[in-house]
Amino acid sequence: EAALGGFSNSTVWLVLAAFMFAGTFLRTGLGPRIAYLFMSLVGHRTLGLVYSLGATELVLGPFIPSHTARSGGVIFPVLQSIAKSAFGPADSPAARQTAAFMTITTYQLSCVTGAMFLTAMAANPLALEFAAQQGVQITWGLWALAASVPGIVSFTLLPLVVNAVYPPAISHTPAARLVARRDLAALGPITRDEWILLVVFTGLLLAWSLGTRVGISTTTAALVAVAALLLTGTLLWDHISGDREAWTTFVWFGLLLMMATELGKLGIIEWFSQVMTGSLGDLGWVAGFLLLSLTYFFSHYLFASNTAHVTAMFPPFLAVALGLGTPPFLAVLVLAFFSNLWAILTHYGSAAAPIFFGAGYVSVGTWWKLGALASLANISVWLVIGGIWWKVLGLW
């Protein structure tokens, strides 16, 4: 019973349903269509191209819980298409520098998007399940509301920061709009399945936003949305049964939740919390939590997976934060947001990072320098501006 207990958790089924939804975005072509639409409107400047790809991430973020599927499967191919045909000769130094700027900033924005929605990264629901085991409950709507202000500021700021120290060689890109319009025309008229997907995901977003008011859980809403796609034929059973990534994640998460639960029952997390709280207690909760959260963030240099890092360190670090007297919502949200933002640090910081790095435009040294710079900007925004916003919301 204990071995299979994780699979009875609603969080596991939420992640599975979200993966099914993500596959539908990819199969119907709605994801690339959204990207090309944004780029056809504001793609006359390089910064506009970056923000248009980031805006696509924001639209898709709530419904595609895989950083790899969203960034690597939708955004990266669009980025490659533009890089190869909109900046002049693809091998020219100017074209490569401009493509490098777009590559690093687009990836950085994808990490910000992951922090803005509970369902934008696979480990986010896992982190909140760990928080629930320690008595802190956070809904989809509360997560989105708390992340909205620091997320928008961070989203706006990062490309400007990178542009100041690593500017593109080509700042005006009128050809990019033409390429986007060409590729948008190649997709043809919007299809029946895309219309159905648009209607269903709009309804799902409303259900997630209003769930606590109308009594619909996040998982129930997601499963109903998947059922609607099945009934309309937009999603087929063959798609569900053949989605290896979704089922692998389902099994992996079920086992992780089981192990975390058992560790809690054995008292290991409580023991770690008591030891660490005794060491940091003299600092007070503000200084102690700041040190704790920064350690949590920069330890990602040692990890190549968000999920592995969250599984290993989120429960004990949250327990220590609560032991120090950190306000519960503040402790959970900061650690959960950092569980996305830290992926900016390195070219292996998430499963999507090697895809972008593998394009060959950005060197390791440049990636790490810009990753460190963007991380410092993110930490400042999310702790200072975010802290003020969360105070306004009454979360601490």
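Predicted model: local features only at pLDDT ≥ 70, side-chain atom pairs only at ≥ 80, totals over all residues.

Guide: Residues are numbered from 1 along each chain as its sequence is written, and side-chain values use heavy atoms, with hydrogens and water left out.

Visitor: What makes Glu194 and Arg33 a salt bridge?

Guide: A salt bridge needs a side-chain nitrogen of Lys or Arg within 4 Å of a carboxyl oxygen of Asp or Glu. For Glu194 and Arg33, the N to O distance is 2.7 Å. That is within 4 Å, so the pair counts. The pair links distant parts of the chain, 161 residues apart. Glu194 sits in helix α9 (residues 192–214) and Arg33 in helix α2 (residues 30–42). Such helices are DSSP runs of H or I, at least four residues, numbered from the N terminus.

Visitor: Why is Glu194 called buried?

Guide: Buried means under 20% relative accessible area, exposed means over 50%, and partly exposed lies in between (1.4 Å probe, protein chains only). Glu194 has 0%, so it is buried. Arg33 has 12%, so it is buried too.

Visitor: How many salt bridges does the search of the whole structure find?

Guide: It finds four. Among them is Arg182 with Asp183, at 3.1 Å, N to O. Another is Arg192 with Asp193, at 2.9 Å, N to O.

Visitor: Which class do Arg182 and Asp183 fall in?

Guide: Arg182 has 47% relative accessibility, so it is partly exposed. Asp183 has 13%, so it is buried.

Visitor: What makes a space a cavity?

Guide: On a 1 Å grid over the protein atoms alone, a cavity is a set of points where a 1.4 Å probe fits but cannot get out. Points are joined across faces, edges and corners, and the volume is the space filled by probe spheres set on them. The count is one cavity of 30 Å³ or more. The largest cavity holds about 40 Å³.

Visitor: How do you know which residues line the largest cavity?

Guide: A lining residue has an atom within 4 Å of a point. Those of the largest cavity include His67, Arg70, Ser110 and Asn306. The largest share, three residues, comes from α5.

How values were computed. 1 Å grid on protein atoms, 1.4 Å probe; cavity = no way out; pocket = protein on both sides within 12 Å on 5 of 7 lines; lining within 4 Å. Helix = DSSP H or I, 4+ residues; strand = E, 2+ residues; numbered from the N terminus.
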